[in-house]
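Hi,

Here is the structure I promised to pass on.

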Amino acid sequence: MTQSHSTVEAGWGSGPGDNYEDLASQFRPVFSRIREGAVTRELNRTLPHEPIAWLKDARFGALRVPAEEGGFGATLPQLFALLAELSQADSNVTQALRAHFGFAEDIVNSHSQDRRDRWLPRLARGEIAGSAWTEIGEAKQAAFATVVKRRADKAHVTGAKYYTTGSLFADWIDIGASGEDGSSLSAVVSRHAPGVNVIDDWDGFGQILTASGTTTFTDAPVEVQDVVVDEERFKYSAAFYQLVHLATLAGIGRAVTNDVAQAVKARRRSYSNAPSPRPAEDAQVLQVVGRIRGAAYSAGAIVLKSAEALQRAFDARFQGDVAAEEKANAIAELEVAQAQTVVSNLILDASTLLFDALGASATQRTSAFDRYWRNARTLSSHNPRIYKDRIVGDFAVNGTPPPYQWRIGQV
């Protein structure tokens, strides 16, 4: 099945919402184009500037912008279903856009009309944001060495960040920083502002095209309106960012399924101890392919179910009931934590099993089958799974709510 087919025709189940197929059909030609060059880009380490430009032209980054504001008005389940489809084409591209969708989510959650008026038109035009939050070395939880200094109506940011995924491709960079008084802030700077230097020095063995390396800021100018107190940001952010990784893993699972099935179908030579002359007729090989497909299907279904919890948290944001919003955020975090270990295990297992169906020839560098395991392993290493099972267990036994990212240092 190609990505021009509906998710039902491809056997992945129906998309979320009655209008999902109409929404997805606008982007599937771009996804197919991205997939055509994915292996070559990976083998040659060619950064996906062109694929991201194609998505910008299609205004893919405006998915969550309300329709009345010039966007597509996608629900959160629809967003994550589309991210899984994009990841089937190239998981590097999805991760490179992860920060953008988190920033866009923050804007659509904002109660500040001034902030919405400032950013929604930019997002609706297709402009992309990158991220610069993580610091290495002596970095501590809930504290940043990167500092925003304000003088009257001007502000500047200075510091160094790592894991600045997607910033190399972006128009804007969303930065986590400290104020001069030690307060926790976020600031948005132009990617091309003086004093901004984005370096492609990411050297991980997976997701190698995400430009997840270093960005430095040297007295880079920031508009005062774009300096925001961190506590004002959307409260289900930890669950949101993790679910992007899980949707990416689900897409990898689909790509594994399709590529392995095509390789088995095309193979004419079998093993001397195989029960059939062709792998496509070998019951044991077919069992492996079926197990891989089942893992991919299950991962996608789990992602969409978790996305429903995020949608409830988003809806609660505007109901004026603080207690209900707090509860919805906690449940969203819990559901994604429950999903994380299971989805990760499913796709890590699938990306290893593929070699049982294809044998040693699949390990050839030019086949690029190894990229599925490397990419899945890299994605699964974000926010290590060992902590998630403990959080879920603590909730089940003691009723302890998950520790939201925004509450670190406060609980």
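Let's start with E105: this residue is buried, with a relative accessible area of 0%. Keep in mind that the model is a predicted one.

So what does E105 form a salt bridge with? The partner is R64, and the closest N and O atoms are 2.8 Å apart. E105 sits in helix α7 (residues 98-109) while R64 is in the loop between α4 (49-57) and α5 (76-89), so the pair ties together parts that are 41 residues apart in sequence. R64 is buried too, since its relative accessible area is 7% and the cut-off for buried is under 20%.

One is with E42, at 3.7 Å from N to O. That pair links distant parts of the chain, with R374 in helix α12 (residues 370-380) and E42 in helix α3 (residues 38-44), 332 residues apart. Both of these residues are buried. The other is with D370, where the closest N and O atoms are 2.8 Å apart. D370 and R374 both belong to helix α12, four residues apart, or about one turn of the helix. D370 is partly exposed, at 22% relative accessible area.

The count of salt bridges comes to 22, and D106, R115, D174 and R233 are linked in a network of them.

Last, the greasy part: the largest nonpolar core has 111 residues, and F60, L63, F80 and F240 have the most contacts inside it. Helix α9 (residues 237-266) gives the largest share of this core, 14 residues. If you click on L63, look for its contacts, including L23, F27, F72 and F101.

Cheers

Methods. Residues are numbered from 1 along each chain as its sequence is written. This is a predicted model: local features need pLDDT of at least 70, side-chain atom pairs count only at pLDDT 80 or more; totals for chains, interfaces and linings use all residues. Side-chain values use heavy atoms; hydrogens and water are left out. A nonpolar core is a set of buried Ala, Val, Leu, Ile, Met, Phe, Trp, Tyr and Cys residues joined through side-chain atoms within 4.5 Å. Buried means under 20% relative accessible area, exposed over 50%, partly exposed in between (1.4 Å probe, protein chains only). Helices (H or I, at least four residues) and strands (E, at least two) are DSSP runs, numbered from the N terminus. Contact means heavy atoms within 4.5 Å. A salt bridge is a side-chain nitrogen of Lys or Arg within 4 Å of a carboxyl oxygen of Asp or Glu. Lists of a residue's contacts leave out its neighbours within four places in sequence.
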